[in-house]
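Please keep the sequence and the model in view while reading.

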Amino acid sequence: MSKNNLWIKQPLAVYTANDENADNGIVVDQITGKIVELVAKGEMPVSDIQQVFDASQHVLIPGLINTHHHLYQTLTRALPQAINKALFPWLKSLYPIWAKLMPDMITASTKLGLAELILSGCTTVADHHYLFPKAIEDAIDLQVQAAKSMGCRVMLTRGSMSLGEKDGGLPPQQTVQKDSQILTDSARLINLYHDKEEGSMVNIALAPCSPFSVTQDLMIETAKLARSHNVMLHTHLAETEDENAFCLQMFGMRPLDYLESVGWLASDVWLAHGIYFNDEEIKRLGQAEVGICHCPSSNMILASGICRTKELEAAGVKIGLGVDGSASNDGSNMIQEVRQALMINRLRYPANQVTHLDALYWATKGSAKVIGRDDIGELAVGKQADLALFKTDELRFSGSHDPLAALILCGAHSADAVMCKGNWLVKEGELINQDIVAIKQQHHNLARQLVS
């Protein structure tokens, strides 16, 4: 019997992401890192309890799951030459700067972005790193080490770009690699870091960047490689009308038809954005059980459009949330992204068709399904003890009457406590065992260095 059961007791409100009752809290075995009991309203734990966390001033939710990010982009937020531009010109203004990334910049941006996300209640982060100029060919290795030091879960996607400007692609030549080099390194990373076990802290997926930056051959061969190792596939798709035009000109077909032609219309694939799908394409995506990461803030900043979340979900598509790159969002705050998801969807659907509970589901159990995990994303017995606790004592919450709804409607910004795999990462609003001042200072200096 475990000697380290922690009762997170009597929360102000609780969201389990399922229909189970944990109104009087949950019990966590901090040795196994799992939830061992849900305590219903009016009940007491049946487990032996060694420790108690008084949650009577807290709203308890599962740890949030960010299914699409570019952590390196924290170094180029609010960059003058990239402001007020749509996706393609925005990318063209930033590619030459990103081509100068150095190893210490990868480490610093990963740590800072993860710190920001953890403080917002996020416990699992899928990052899409697709730039491998000569100086940072080991970028994913650097990210693994940085993530281990921060204590959260990561799904690191080995991105790639192989279609440079001279071959009709968007990225400059110094940022692209040969297909053979990409595939060899992808296999190396899977063998070295991908943990298939339940409760794993590091997963690897393969992620050619987009139809306008990789070859058809690379898409086909990457899918074969991923499936031979049973890892997931990820890419950007249907983000803008420009992409539709590019695919029609380059491949003679729309983005989804292109995706199907290279063997990617499948349940082991998740896509970032997924805005420009027609009704027939939505039906096909649902039949294939593809996942889509909805990125509301990024889509607003780049004026890309609004993902058709409810139609996609009704068709059978798995929907999750992501903050996207911190140069197209300019922030890495997952609880704020939940609010943005609610707000932007209210522009498309009636108020009673998309609620704060929908947005919370997408950010928790929905996101877990998107990245192929069934051990996280909800508060249930046997699931990983990943959770976030928010206080509602700030000015923005004063006068609110439903604590769970207030978390989203009143705009919660930071968690008071965050746990991942039974380990506290945040207590009293502060990162544990991290020097946030040092992380911030180093990151700030390197951002200046990169842009200068």
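Which helix gives the largest share of the lining of the second largest pocket? The largest share, six residues, comes from helix α14 (residues 436-451); helices here are DSSP runs of H or I with at least four residues, strands are runs of E with at least two, and both are numbered from the N terminus. The model is predicted, with local features needing pLDDT of at least 70 and side-chain atom pairs counting only at pLDDT 80 or more, whereas totals for chains, interfaces and linings use all residues. Residues are numbered from 1 along each chain as its sequence is written, and side-chain values use heavy atoms, with hydrogens and water left out.

The second largest pocket has a volume of about 220 Å³. A pocket is an open set of points on a 1 Å grid over the protein atoms alone, where a 1.4 Å probe fits, with protein on both sides within 12 Å along at least five of seven lines; lining residues have an atom within 4 Å of a point. Volume is the space filled by probe spheres set on the points, which are joined across faces, edges and corners. Among the lining residues are Thr74, Arg77, Leu112, Lys440, His443 and Val451. By class, the lining comprises five nonpolar, four polar and three charged residues, where Ala, Val, Leu, Ile, Met, Phe, Trp, Tyr, Cys and Pro count as nonpolar, Asp, Glu, Lys and Arg as charged, and the others, Gly among them, as polar.

Helix α14 also packs against helix α2 (residues 103-119), at an angle of about 130° and with the axes 9 Å apart. Axes are lines fitted to C-alpha atoms over the stretch in contact, and angles run from 0 to 180 degrees between N-to-C directions.

The largest pocket holds about 400 Å³ of space. Of its 24 lining residues, His194, Asn230, Ile371, Gly372 and Arg373 lie nearest the centre. Elements giving two or more residues to this lining are β10 (202-208) and α5 (216-229). The lining consists of six nonpolar, seven polar and 11 charged residues.
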